[in-house]
Amino acid sequence: MGEMINAGGVDIWVERRGRGPDVLLIAGLGDPAEAWQSQFDGFADRYRLTAFDNRGVGRTPLPEGPLSVPHMADDAAALLRALEIPTAHVAGFSGGSFIAQELALRHPGLVRSLVLMSTCARPDAYFRAMARFWHWMAERAPSERAMLEAFFLWVYTPRAHADGTVDRIIEDTLAFPHPQSVDAFQRQIASFADHDTLDRLAEITAPTLVLAGELDIAAPPRLGRVVADRIPGAEFEVLPGEAHQPFQEVPKVFNARVDAFWREVGARD
């Protein structure tokens, strides 16, 4: 069961599971804490996992005023402090990886290690055009189902579309009782399109693993490689045959690789 936590003046919905070293999971565009269900199931026997709804997602309200990646990174930092977590392994996916980068830059003492999945440091022209189309699509699609069917073309592999995985995810999303508003979706897209850490990544001192899906068209491996090249000592790996969201499509593969990285970091401490 989750709970609402007031962190830095913002009410944030939090889900926690397991025991062991602390892990903070930061979701991407439109994803609530439940997006990490396979990680809750796979890691709870050896890590204490915390996932949360970002501003304007799920049960966390969207406050008035500007929305930016640094704002959301400060939310994550405030949440860790409110939960009295002195330091955590941080894993961020897509837009959540942007937030994780800013968290490591703005609050380095809270970050024990970084896993950045489907990431980039500065959106390129393709990414910005894609973001503009998603913004338009959110309000012009004839139904929420049609919106998801189109949006997920950028997210999941052809395999997942063929084997029924995407159909199941669409049904689960439509049944979720806390849908994201169009306005919140669009404001979150805009914040991610403005993300830019390229010239600051060298300041990150946390051990970092950057993962990319070979078939990812939303955040292709070339963008992740730039991130890894800029962070001192970062590891970079491409997951063959995977797209934007492998932590859901192939959770055993993702979890095993991330677990090995966290164990390695723990052995160095």
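How many of the residues of strand S7 are buried? The points below answer this and then walk around the rest of the fold.

1. **What you are looking at.** This is a predicted model, in which local features need pLDDT of at least 70 and side-chain atom pairs count only at pLDDT 80 or more, while totals for chains, interfaces and linings use all residues. Residues are numbered from 1 along each chain as its sequence is written, and side-chain values use heavy atoms, with hydrogens and water left out.

2. **Strand S7.** Here is the answer to the opening question: 6 of the 6 residues of S7 are buried, so the strand is mostly covered (buried means under 20% relative accessible area, exposed over 50%, partly exposed in between, with a 1.4 Å probe and protein chains only). Thr208, Val210 and Ala212 point one way from S7, and Leu209, Leu211 and Gly213 point the other way. The strand names, like the helix names, come from DSSP runs numbered from the N terminus (helices are H or I with at least four residues, strands E with at least two).

3. Now find S7 in the open sheet of 8 strands, whose order is S1-S2-S4-S3-S5-S6-S7-S8, with mixed pairing. Strand S1 (3-7) and strand S8 (235-239) stand at the edges, each with a single partner strand, so one side of each is left without a neighbour in the sheet. The twist averages 25° from one strand to the next. Two strands pair here if DSSP finds at least two bridges between them.

4. **Neighbours of S7.** On one side, S6 and S7 (residues 208-213) pair in the parallel sense over 4 bridges. Val210 in S7 is the bridge partner of Leu116, and Leu211 in S7 is the bridge partner of Met117. S7 also pairs with S8 in the parallel sense, over 5 bridges, and there Ala212 stands opposite Val238.

5. **Strand S6.** S6 (residues 111-117) is mostly covered too, with 6 of its 7 residues buried. Strand S5 (residues 88-93) pairs with S6 in the parallel sense over 6 bridges, and Ala88 stands opposite Val111 in S6.

6. Helix H9 (residues 221-230) lies across S6, S7 and S8, running at about 165° to S8. For such angles, axes are lines fitted to C-alpha atoms, for helices over the stretch in contact, and the angles run from 0 to 180 degrees between N-to-C directions.

7. **Two helices side by side.** H4 and H8 pack at an angle of about 175°, with their axes 9 Å apart. They are therefore roughly antiparallel to each other (angles under 35 degrees count as roughly parallel, over 145 as roughly antiparallel, 65 to 115 as roughly perpendicular and the rest as oblique). Among the residues that meet are Phe127, Ala131 and Trp134 in H4, and Val182, Phe185 and Ile189 in H8.

8. In helix H5 (residues 144-151), the buried residues are Met147, Leu148 and Phe151. They cover an arc of only 95° around the axis, which puts them on the same side of H5 (the arc is that of the directions from the helix axis to the C-beta atoms). In H7, Thr165, Val166, Ile169 and Ile170 are buried. They cover an arc of only 135° around the axis, which puts them on the same side of H7.

9. **Two residues with positive phi.** Glu84 and Ser118 each have a positive phi of about 60° although neither is a glycine. Is each buried or exposed? Glu84, in the loop between H2 and S5, is exposed, with a relative accessible area of 69%. Ser118, in the loop between S6 and H4, counts as buried at 1% relative accessibility.

10. **Leu105.** Leu105 is found in helix H3 (residues 95-106) and is buried, with a relative accessible area of 15%. Leaving aside its neighbours within four places in sequence, Leu105 is in contact with Thr197, Arg200, Glu203 and Ile204 (contact means heavy atoms within 4.5 Å).
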